[in-house]
Amino acid sequence: MGNGAGGIHSSAARELTNKDQRKDSPNNLNCYRISNNDRLGEGGPKQKFQQNLRAIQIVRKLENEARLATQDEKAALVKYVGWGAMPQIFDDKKREWARERDALCHELTDAEFEQARATTLNAHYTSPTVILAMYQAAQRFGFQGGNVLEPACGIGHFIGVMPEEMLRQSVVCGIEIDPLTARIAKALYPDADIREQPFENSKLADESFDLAISNVPFGDYSVHDPRWNKYKFSIHDYFFPAALEKVRPGGLLMFI
């Protein structure tokens, strides 16, 4: 691919112009748009903890008041980075994190706390620079918009960074296993179909997506899915065939 301006003009690329899209009715108008002003990924672990805590408090407030997030609230929610960068908060022996641990326990139920602890292996931040480069590659393959699947969406950075014109011509489905993270994604991207469930439990039609794009979980453990168990895939390998099954012939699958 390189950085040249040349396009790729295959039959698949022509199909990906997506003749079914209606450009006169733009989609996802209420979805948050990530920009450099959000300064995502900046700060040390303690700062990121405070941003996480603030996001949790906001999503609780939104649910209690049964309303959509304001733009300022979304700007705070988008800074939630999960717990992969600070697993020490769940270690009682780390006394320097005792105050933060107590604050988190106060905000989360026991079940939510354990769910948050379980995400430390895979809840990692994806740079918008990397995401944008992936979309630029998709555009060069001919993708302009369509049905988009994000099977491990986190709080939805692959939605927030999607180029504006592409987003307006797309229908987005995001799958997220962690309930709290999924609720934040729903607040940020209310027009997207965000599903709070493991990808292996999702009910998605085969060959129904034009693009599957994600930074999938990595690890030396497998996923229980009767359709794929015989292959004994590690979790990162599992996401490739399982997602490819959902992509139509001529579509694209782009994973980190």
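**Close-up views of aromatic rings and helix packing**

**View 1. Phe-49 and Trp-97 form an aromatic pair.** Both Phe-49 and Trp-97 are buried, a term that stands for under 20% relative accessible area, with exposed meaning over 50% and partly exposed in between (1.4 Å probe, protein chains only). The model is predicted, so local features need pLDDT of at least 70 and side-chain atom pairs count only at pLDDT 80 or more, whereas totals for chains, interfaces and linings use all residues. Residues are numbered from 1 along each chain as its sequence is written, and side-chain values use heavy atoms, with hydrogens and water left out. Rings of Phe, Tyr and Trp (its six-membered ring) pair if their centres lie within 6.5 Å; planes under 30 degrees apart count as stacked, over 60 as edge-to-face and the rest as tilted. By this rule the count comes to 13 aromatic pairs. In one of them, Phe-49 and Trp-97 are edge-to-face, at 6.5 Å centre to centre and with 85 degrees between the planes. Phe-49 belongs to helix α2 (residues 45-65) and Trp-97 to the loop between α3 (71-77) and α4 (98-107), so the pair ties together parts that are 48 residues apart in sequence. Helices (H or I, at least four residues) and strands (E, at least two) are DSSP runs, numbered from the N terminus.

**View 2. Trp-83 and Phe-90 form an edge-to-face pair.** The ring centres of Trp-83 and Phe-90 are 6.0 Å apart and the planes stand at 85 degrees, so the pair is edge-to-face. Trp-83 is buried, with a relative accessible area of 1%, and Phe-90 is buried with 7%. One aromatic cluster is formed by Phe-49, Tyr-80, Trp-83, Phe-90, Trp-97 and Phe-113.

**View 3. Helices α2 and α4 pack together.** Their axes (lines fitted to C-alpha atoms, for helices over the stretch in contact) are 11 Å apart, at an angle of about 15 degrees; angles run from 0 to 180 degrees between N-to-C directions. Among the residues of α2 that meet α4 are Lys-46, Phe-49 and Leu-53, while those on the α4 side include Glu-100 and Leu-104.

**View 4. Thr-119 lies in a loop.** This loop runs between α5 (110-118) and α6 (128-140). Thr-119 is buried, with a relative accessible area of 16%. Leaving aside neighbours within four places in sequence, Thr-119 is in contact (heavy atoms within 4.5 Å) with Trp-83 and Asp-178.
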